[in-house]
Amino acid sequence: MNREHVYFENYAATWDRDRKEDPKKLAWIIDLLALPPDGCILDAGSGTGILVPYLRNALTRGGHIEELDYSGRMLDRARQKFGTAPDITYTEGDILKVSLPEKHYDAILCLNVYPHIGCGIEAFIKKAVHALKPGGCLAIFHDQSREKTNQVHQDGNQVGPAVLPPVDVLEMQFISAGLSITIAMDTDTLYLVKGEKKEIPAPAKGEPGISSQHPHTETKKVINRLARISGHLEGIRHMVEEDRDCSEILMQISAVDAALISTGKVILQDHISHCLVDAVHHNDQESIEKLQKAIGKLIK
Ligand SMILES: C[S@@+](CC[C@H](N)C(=O)[O-])C[C@H]1O[C@@H](n2cnc3c(N)ncnc32)[C@H](O)[C@@H]1O
């Protein structure tokens with residue numbers, strides 16, 4: 001047992017008292033994750049089962065929750081609270097070492113665990129992808145800001161040396177492991193990256209990418225960005241429903257706006273290098289004019 005493991009064993013008895021969860025926020029996050037109502041969910045680094053009531057609420061058509069933690073005492077606390085019901089199992093094991101069954105889970109959730117597994121994050125994400133069903137999701141999230149999370153761990157009050165990185169760093173790690181980003185949020189109160197395991201069929205040879213005329217090389221990148229933007233928009237809708245601070249909402253809207261324009265630029269660049277060159281070569285005036293109009297709209 002390493003120092004960190006001992007720390008959590010000793011903290012189990014008072015974890016719930018000190019944890020200070022915000023039930024509204026956790027309910028909101030679980031809602032945002034849009035878990036399948038009959039899904040099989042792995043709560044990795046589950047602690048005393050803080051997420052269990054929210055997951056049970058979301059699993060309206062059955063489903064199953066697996067609480068995984070290397071601290072036996074944390075799991076004992078969870079067992080005391082939720083008992084040995086058929087919808088829940090408790091697995092004692094190290095997330096970084098335990099072997100997970102292939103294509104088994106609809107969602108793997110890691111709440112407030114990154115600083116403790118960050119040193120092995122790439123291997124963990126790879127393992128999670130292997131264990132997810134196609135269409136399943138991995139969500140790594142914190143119910144406080146990145147700044148606050150890193151502060152807590154740097155203050156030395158807690159163990160856990162890994163620094164929670166900016167969301168785009170984690171996003172790249174998700175994408176490299178074959179996940180499409182569907183939500184990425186880094187706000188004053190929340191850090192969340194959600195990726196979905198998708199099997200995107202590669203366009204067959206000679207088959208179109210984005211347009212009906214030429215193959216593109218950036219299609220996967222564009223799809224990932226658009227998925228991320230729609231997740232972000234969904235988050236903003238929730239913020240409005242929750243009557244959150246207007247300036248915070250406006251900041252998020254401007255982030256989506258900027259992300260859309262930059263996705264447009266990726267499409268444009270791809271189009272220029274694959275289609276426009278061909279259009280100029282064949283003196284295809286109609287295509288050239290169409291593109292001029294589209295560029296005008298994008299930069300106006
Ligand atoms: C900060 S607590 C978060 C617990 C819970 N998710 C919550 O938000 O209340 C981190 C949890 O991850 C567990 N943990 C840390 N590293 C782990 C590892 N390598 N394998 C399994 N569990 C781990 C700890 O035992 C602890 O329960």
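**Entry 1: the sheet**

I began with strand β1 (residues 40-44), which is joined to β4 by three bridges, the two running parallel. Asp 43 has Leu 109 in β4 as its bridge partner. Before going on, I noted that this is a predicted model, where local features need pLDDT of at least 70, side-chain atom pairs count only at pLDDT 80 or more, and totals for chains, interfaces and linings use all residues. Residues are numbered from 1 along each chain as its sequence is written, and side-chain values use heavy atoms, with hydrogens and water left out.

For my own reference, helices (H or I, at least four residues) and strands (E, at least two) are DSSP runs, numbered from the N terminus. Two strands pair if DSSP finds at least two bridges between them.

Next I asked myself: in what order do the seven strands form the sheet? I read off β3-β2-β1-β4-β5-β7-β6, an open sheet with mixed pairing. The edge strands are β3 (88-92) and β6 (179-186), each of which pairs on one side only. From one strand to the next, the twist averages 15°.

**Entry 2: strand β5 and its two partners**

I then followed β5 (residues 132-142). On one side, strand β4 (residues 105-111) pairs with β5 in the parallel sense over six bridges, and I found Cys 137 of β5 as the bridge partner of Ala 107. With β7, the pairing of β5 is antiparallel, again over six bridges. Phe 141 stands opposite Leu 192 in β7.

Is β5 enclosed or open to the outside? Eight of its eleven residues are buried, so β5 is largely enclosed by the rest of the structure. Buried means under 20% relative accessible area, exposed over 50%, and partly exposed in between (1.4 Å probe, protein chains only).

**Entry 3: Gly 136 and Glu 196**

I picked Gly 136 in strand β5, which counts as buried at 3% relative accessibility. Leaving aside neighbours within four places in sequence, Gly 136 is in contact (heavy atoms within 4.5 Å) with Asp 106, Gly 195, Glu 196 and Lys 197. I also checked Gly 136 against Ile 108: they are 28 residues apart in sequence and 8.1 Å apart in space, C-alpha to C-alpha.

One of those contacts, Glu 196, lies in strand β7 (residues 191-197). Glu 196 is buried too, with a relative accessible area of 16%. Which residues does Glu 196 touch, not counting those up to four places away in sequence? I listed Gly 135, Gly 136, Cys 137, Gly 178, Leu 179, Ser 180 and Thr 182. Between Glu 196 and Asp 106 I noted 90 residues in sequence and 9.7 Å in space, C-alpha to C-alpha.

Axes are lines fitted to C-alpha atoms, for helices over the stretch in contact, and angles run from 0 to 180 degrees between N-to-C directions.

How do helix α1 (residues 3-19) and helix α4 (residues 72-82) cross? Their axes come within 7 Å and cross at roughly 25°. That makes α1 roughly parallel to α4; angles under 35 degrees count as roughly parallel, over 145 as roughly antiparallel, 65 to 115 as roughly perpendicular and the rest as oblique. Among the residues that meet, I jotted down Phe 8 and Trp 15 from α1, and Met 74 and Arg 77 from α4. By class, this contact has five nonpolar, two polar and five charged residues. Ala, Val, Leu, Ile, Met, Phe, Trp, Tyr, Cys and Pro count as nonpolar, Asp, Glu, Lys and Arg as charged, and the others, Gly among them, as polar.

**Entry 4: cysteines and totals**

I looked for disulfides (a pair of cysteine sulfur atoms within 2.5 Å) and the structure holds zero. Cys 110 is buried, at 1% relative accessible area, whereas Cys 246 is exposed, at 57%.
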